[in-house]
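Reader: I am new to this structure. Could you walk me through how to read it?
Author: Gladly; let us look together.

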Amino acid sequence: MVKVKLTTKVDSDILVVGLTKVNNKLQIESNGAQLESVSLLATLTAIGATAKADEVIKLPGKNTKLVIFTGLGDGSSNLNAETLRRAAGAAARELHGHKMATFALPHKSVVELSAIAEGAALGAYTFTEFLGNTKAEQKAPLGSVSVYSKFTETAQAKAAAKRAEIIAEQTFLVRDLINTPPSHLTPDSFSQRLKKLSSKYGVKAEIITDSALKKSGFGGIIAVGQGSANPPRLLHVTYSPAKAKKRYAFVGKGITFDTGGLALKPANGMEAMKSDMSGAAAVIGAVFAIAQLKLPIAVDGWAPLAENMVSDNATRPSDVITIYGGKTVEVLNPDAEGRLVLADALVKAAEVGKKSGGLDGIIDVATLTGAQVVALGTRTSAVMTNNEEFSSQFLLAAEIAGESFWPMPLPVELRASLDSPVADLANIGDRMGGMLVAGLFLKEFIDPQTPWLHLDIAGPAYNEKNAHGYTPVGGTGIGLRSLVQLAELASSQS
């Protein structure tokens, strides 16, 4: 766990400052921290520093052993919280092997201070659990971050520092789960691991086993998981504070490995399918963070978990299954499996929410479609909804959190493509607009009166390219920060 503290002095051997370019000239942004700017600028100019995002330069200092320059782009007047968050994260990623660093990046508000603290903490991540003989050679990430600020003594700043620790802790949990190989992360081990953690955060947890799922009619989860030697599970976690202002349900797709089933995927790229449980990890981590922050928002987290495998028991193309609640689905493509487990969990989440007095919103999070990546790339996730007001609240939360989401439509004319001659609907429809068709499928299992969001995070959930900002290679933890921020916004409403 990364420790975050506030300071009014440089209290470590490493000082992190910003570097911008103003009128084509480099400028150091140290938030008032004293350093030998003239000589350092001359050196930076000589070595060709650009001040671009993700540029990190290390130079020896006079008052500190190292001065770290992290690129902030052109012009300090254009800085925003996300730029600072990413710059702090990029610097932290380059400081593995050091125990502590002081971050003196420019900021004019507690909001920007919070972004710096969060970015630095999020950048201090590594995943070494499965290294063998080389583990001892790996440099440990930063264990402590100091943020140099004039806001040090304010209650809001102290709360921001603590919040950054919590966000980093739960994001690291999500990233660890995503990065864990499927030989070690099955539906049951995922459930057991998080149930064990739940008591630490004051969250109740229940694991519904495969036999109970079958008995209760969870046809989607059973159909997807029945081809695997590792049986499916449904994990339910609950945070119920006294006098809660609102109640939400978060539902996350939890396919611990996706071969495609009898619609077998090609081998190239299949190794990344260990990340197909990113939505489940994000929603459970978000519930834990909301509980740690003691927000007056009740949340039920649901993780329908299955391993989609090929075997003589696997669901066949054209099989008809019955989703929890009674709707039947013709499974035309066993590789469109995420929507099947989500359908079960969405209906159950609504049922439980109704018994608790009703839901103010239900959100599903899923690495659902390759079409999402085609439409929006690997850094922007999609949002679909039946309630524009709820979507606007979430998009505001995502903007504050620094996560990129984009609203997408649910065109009514695409719904007919899901019609089936033998069941209530099919699990696939038109290939063109496949991301939207998947959203329309899920909408069939939502009460129109309940505000609902569908978040397709297929591309951003797993970074297969280079690390950037506070984002490492591998699991990213996308979605968690926006869900937590949504709960924070709701808790501040009268």
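Predicted model: local features only at pLDDT ≥ 70, side-chain atom pairs only at ≥ 80, totals over all residues.

Author: Residues are numbered from 1 along each chain as its sequence is written, and side-chain values use heavy atoms, leaving out hydrogens and water.

Reader: How many residues does the largest nonpolar core have?
Author: A nonpolar core is a set of buried Ala, Val, Leu, Ile, Met, Phe, Trp, Tyr and Cys residues joined through side-chain atoms within 4.5 Å; buried means under 20% relative accessible area, exposed over 50%, partly exposed in between (1.4 Å probe, protein chains only). Here the largest one has 91 residues, and Phe103, Phe250 and Ile363 are among those with the most contacts inside it. Its largest share, twelve residues, comes from helix H4 (residues 155-179); helices (H or I, at least four residues) and strands (E, at least two) are DSSP runs, numbered from the N terminus. Another core, of 48 residues, lies apart from it and includes Ala306 and Leu340.

Reader: Is Leu264 buried or exposed?
Author: Leu264 is exposed, because its relative accessible area is 56%. This residue lies in the loop between strand E11 (254-258) and helix H8 (278-292).

Reader: In which order do the three strands of the open sheet come?
Author: Strands of a sheet pair through backbone hydrogen bonds, either parallel or antiparallel. Two strands pair if DSSP finds at least two bridges between them. The order here is E13-E14-E18, with mixed pairing. Four bridges join E13 to strand E14 (residues 328-331), and these two run antiparallel; Asp319 has Val331 in E14 as its bridge partner.
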